[in-house]
Amino acid sequence: QQQVRESLGLDVSKSTVLVVGGGDGVGGLEAVVRTIAVKLSEVKLGSTSQIVVVCGRNRTLAASMRSWQLGVSLIVLEFVSNMHEWMIASNMIVTKAGPGTIAESMICGLPIILSSFLPGQEEGNMRFVVDQDIGFYSDKPEEIAETVVEWLGDPEQLAVRRSRALEYGRPHATLEIVSDIWKQSEERWREIEEKRSEIVELRRTRMMEAEELEGRVIERSGRWSMEMLGCSPDQPFETDGRKCLLVPRLAVLLRATMQSLRETEDSWRERAMRVRSE
């Protein structure tokens with residue numbers, strides 16, 4: 001923590017309170033920061049503490065805060081991409097109940113003070129933090145400031161909440177989710193391959209059965225034809241003065257004839273439509 005504070009230009013000897021207003025710097029940030037700063041000065045902790053404020057994209061608020069003189073060091077930032085470093089450098093965080101910020105805070109072992117939550121979607125986040133004794137919730141700046149002072153004055157309580165945060169933090173959650181998805185995908189792919197193999201085998205079996213059935217039909221058709229003509233399949237007979245052999249593939253010839261009829265019908269239909277359009 002000391003090394004990170006030094007790399008960020010913070011006073012390594014001071015307790016650090018991180019106050020975050022989200023990407024847009026909303027959620028009563030100005031009132032919360034001012035009240036905390038005034039309270040720290042009143043209880044003589046202003047000289048041993050520093051407040052880091054992340055205003056996000058709210059440049060107007062950031063410019064206003066940089067002019068404040070409240071008896072405590074105030075480091076005002078706009079949007080940052082190294083939030084994890086500021087979390088590591090801090091002793092606690094004051095923030096709204098966004099799931100991402102809460103998850104990152106627990107991974108970094110930060111006790112959490114929640115200043116607001118969106119009804120419905122973020123209420124469960126607030127309940128979790130409070131019920132697991134990771135942090136505290138209040139939408140009143142005065143109560144938030146009093147809690148900051150209480151925690152800074154009680155290192156043992158701060159250590160307990162820090163350990164609770166680390167206990168519930170999941171630093172490898174993203175990798176575990178990807179790993180689970182990959183395993184489930186592999187299992188599903190194996191099932192698909194097994195089904196595909198079954199389908200291929202079933203199709204091969206059905207084709208063999210169809211070919212066998214076709215052979216039997218053709219054979220029987222040939223025999224029936226020969227009997228009707230009074231000859232055997234291998235015996236020549238006279239037709240218009242020419243010798244020929246009756247090929248016992250009437251089923252195949254029938255299919256070819258039907259296809260030819262369909263093609264002729266389509267051809268006549270197209271010709272009729274062309275004549276009608278002209």
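In this predicted model, Val148 touches Val17, Ile36, Leu40, Met92, Val94 and Ile113, leaving aside residues up to four places away in sequence. Val148 belongs to the largest nonpolar core, a set of 27 residues. Together with Val19, Ile36, Met65 and Val94, Val148 touches the most other members of that core. In soluble globular proteins, nonpolar side chains tend to be buried together.

The protein chain as a whole contains 10 helices and eight strands. Of its 278 residues, 31% are buried. Its accessible surface comes to about 17,900 Å². Carbon and sulfur atoms account for 54% of that surface. Contacts between residues at least 6 apart in sequence were also examined. Of these, 58% join residues at least 24 apart.

Helix H6 spans residues 123-131. Its buried residues are Asn125, Met126 and Val129. Seen down the axis of H6, these residues fall within an arc of 100 degrees, so they line one face of the helix. The buried residues of H6 pack against helix H5 (99-107). They also pack against strands S5 (112-116) and S6 (135-137). Asp133 follows H6 and has a positive phi, near 60 degrees.

Ala173 lies in helix H9, which covers residues 173-229. Ala173 has a relative accessible area of 27%. Because buried means under 20% and exposed means over 50%, Ala173 counts as partly exposed. Ala173 and Ala103 are 70 residues apart in sequence. In space, their C-alpha atoms are 9.9 Å apart.

Two cysteines were examined for burial. Cys55 is buried, with a relative accessible area of 0%. Cys108 has a relative accessible area of 17%. Cys108 is therefore buried as well, since the cut-off is under 20%. A disulfide is a covalent bond between the sulfur atoms of two cysteines. With a limit of 2.5 Å between cysteine sulfur atoms, the count of disulfides comes to zero.

Terms used
Residues numbered from 1 in each chain as written. Predicted model: local features only at pLDDT ≥ 70, side-chain atom pairs only at ≥ 80, totals over all residues. Heavy atoms only, no water. Helix = DSSP H or I, 4+ residues; strand = E, 2+ residues; numbered from the N terminus. Buried < 20%, exposed > 50% of the residue type's maximum accessible area, 1.4 Å probe, protein only. Core = buried A, V, L, I, M, F, W, Y, C linked by side-chain atoms within 4.5 Å. Contact = heavy atoms within 4.5 Å. Areas by Shrake-Rupley, 256 points an atom, 1.4 Å probe, with all protein chains shown as cover. Arc of directions from axis to C-beta.
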